[in-house]
Amino acid sequence: MAHELRYLAGSANGDIVNKISDRDVGGLEVLVRVTHSGVCGTDVHDRTDGCGLGHEGVGIIELIGTSVTAVKIGHRSCGHCSECISGYRQYCPESRGQKYGEREQGAFGDFVIKHQDFHAGPLQCAGITVYEALDVADAKPSDRVGIVGLGGLGHLAIQYAKAWGCDPVVFSRSAHKKDDAMRLGAKEFHLIPSSSGEKFDPMLGVNVLLLCGNGLPDFGLFMPALARRATIVPLIIQGKPLVIPYMPFMLPGHRIIGSTEASRRNHIDALTFAVRHNIRPWIKEFPMTLAGLTSALNSLESGEIQYRAVLSRE
């Protein structure tokens with residue numbers, strides 16, 4: 001039986017609109033009544049695409065498919081190719097998410113239909129993204145972890161890096177965020193120079209650099225701040241080419257690692273780690289309405305959110 005899904009979507013001019021679609025619940029899928037959903041930078045990027053928005057939804061399971069075994073009705077929600085079998089479903093060639101497949105539903109709505117193993121919520125997007133980045137970078141407790149950008153990703157990266165035993169070193173263009181950075185656990189705060197002629201202190205010795213801002217930085221500016229054989233992990237959604245100064249990158253033996261979301265194992269580990277170390281997103285709530293989402297997206301685009309917007313029906 002098809003279920004009606006009412007959700008909020010973007011449009012070509014960026015206006016938020018109400019949409020309705022019908023969809024059956026598959027054998028391994030569940031119907032979730034959404035109560036809350038975080039707002040991600042991806043929603044800003046997809047605002048003009050026309051797809052359903054929202055992928056950090058949590059709620060109550062109201063219907064399960066005939067083959068579902070992982071969850072039951074009333075639970076609160078939070079394959080077969082080589083990638084799925086190994087636990088890396090985010091790299092599955094059939095992976096579907098927002099404008100890349102899940103176009104006619106979204107977590108900013110009344111219901112969503114998802115696979116029984118679906119995970120959501122701010123910690124399961126921004127949180128697991130930075131946890132996975134630290135993991136793939138093989139970060140060690142002795143490392144200095146540079147965090148470029150203090151926003152939805154960055155404020156959680158500070159907390160995860162500190163709990164990991166590392167020294168979080170924050171780079172930001174906003175001087176007024178220094179107090180927040182230090183409250184979150186940063187060891188140091190450095191203002192990103194406005195002039196391309198300025199350079200960072202070569203004694204900073206950053207071992208792992210997480211790019212958490214809303215655009216790629218000037219890599220020439222950051223090369224001197226890196227320790228030898230440093231690891232750079234871009235966590236930015238954007239479409240511009242990645243341009244690296246060749247010799248300053250090659251001679252010290254640096255590396256760049258691509259990382260998106262997290263493996264299923266790291267989803268679980270990231271939440272366990274967050275509970276153990278009391279890692280919590282700083283949120284601002286908005287009503288889950290057309291006006292509420294519009295306000296949240298506008299605030300996110302202007303940099304006013306500190307540091308994660310959440311839409312709520314409660």
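The chain exposes about 15000 Å², and carbon and sulfur atoms supply 52% of that area. Accessible areas here come from the Shrake-Rupley method with a 1.4 Å probe, and for residues only the protein chains shown count as cover. This is a predicted model, in which local features need pLDDT of at least 70 and side-chain atom pairs count only at pLDDT 80 or more, while totals for chains, interfaces and linings use all residues. Residues are numbered from 1 along each chain as its sequence is written, and side-chain values use heavy atoms, with hydrogens and water left out.

Of the 314 residues in the chain, 52% are buried, meaning under 20% relative accessible area; exposed is over 50%, and partly exposed is in between (1.4 Å probe, protein chains only).

The chain has 9 helices and 14 strands. These are DSSP runs, numbered from the N terminus: H or I of at least four residues for helices, E of at least two for strands.

Now the backbone. Most residues other than glycine have a negative phi, and most peptide bonds are trans. Which residues are joined by a cis peptide bond? Gln 306 and Tyr 307, with omega about 0 degrees. Tyr 307 sits in the loop between helix H9 (290–301) and strand S14 (308–312).

Asp 138 has a positive phi, near 55 degrees. Its loop runs between helix H3 (126–136) and strand S7 (144–148). Asp 138 counts as partly exposed because its relative accessibility is 47%.

Asn 278 also has a positive phi, near 55 degrees, and lies in the loop between helix H8 (264–277) and strand S13 (283–287).
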